[in-house]
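The following note concerns the helical packing of the model shown here. Please read the points alongside the coordinates.

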Amino acid sequence: MIFALEQKNSGIIDEANMEAWPNTMKNLMYVYKDAKIVIPGHKTWGDFSLLPHTLEIVQQQGK
């Protein structure tokens with residue numbers, strides 16, 4: 001799941017793998033570092049900035 005910029009928290013994560021999610025986001029950021037369009041699970045699509053935004057939210061949630 002990738003979050004739109006207007007999303008400020010992870011919401012319901014009951015079935016999420018919180019250990020794998022940050023690494024998955026880092027891999028996406030590495031592999032798709034030239035991404036021009038990123039489509040999140042909900043709300044407004046954007047650009048590469050959605051990937052570090054999602055990583056930040058996931059890392060905050062994991063604390």
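Which residues are buried in helix 2?

1. The model is predicted: local features need pLDDT of at least 70, side-chain atom pairs count only at pLDDT 80 or more, and totals for chains, interfaces and linings use all residues. Residues are numbered from 1 along each chain as its sequence is written, and side-chain values use heavy atoms, with hydrogens and water left out.

2. Leu50, Leu51, His53, Thr54, Leu55, Ile57 and Val58 are buried in helix 2 (buried: under 20% relative accessible area; exposed: over 50%; 1.4 Å probe, protein chains only). Helices are DSSP runs of H or I with at least four residues, numbered from the N terminus.

3. In helix 1 (residues 20-31), the buried residues are Trp21, Pro22, Met25 and Met29. Seen down the axis, they fall within an arc of 100 degrees (taken from the directions from the helix axis to the C-beta atoms), so they line one face of helix 1. The face turned away from that buried side carries the exposed Tyr30 and Val31.

4. The axes of helix 1 and helix 2 come within 9 Å and cross at roughly 165 degrees (lines fitted to C-alpha atoms over the stretch in contact, with angles from 0 to 180 degrees between N-to-C directions). The two helices are therefore roughly antiparallel (over 145 degrees).

5. The contact (heavy atoms within 4.5 Å) involves Trp21, Pro22, Met25, Lys26, Leu28 and Met29 of helix 1, and Leu51, Pro52, Thr54, Leu55, Val58 and Gln59 of helix 2.

Key: Expected span 1.5 Å × (residues − 1). Parallel < 35°, antiparallel > 145°, perpendicular 65-115°, else oblique.
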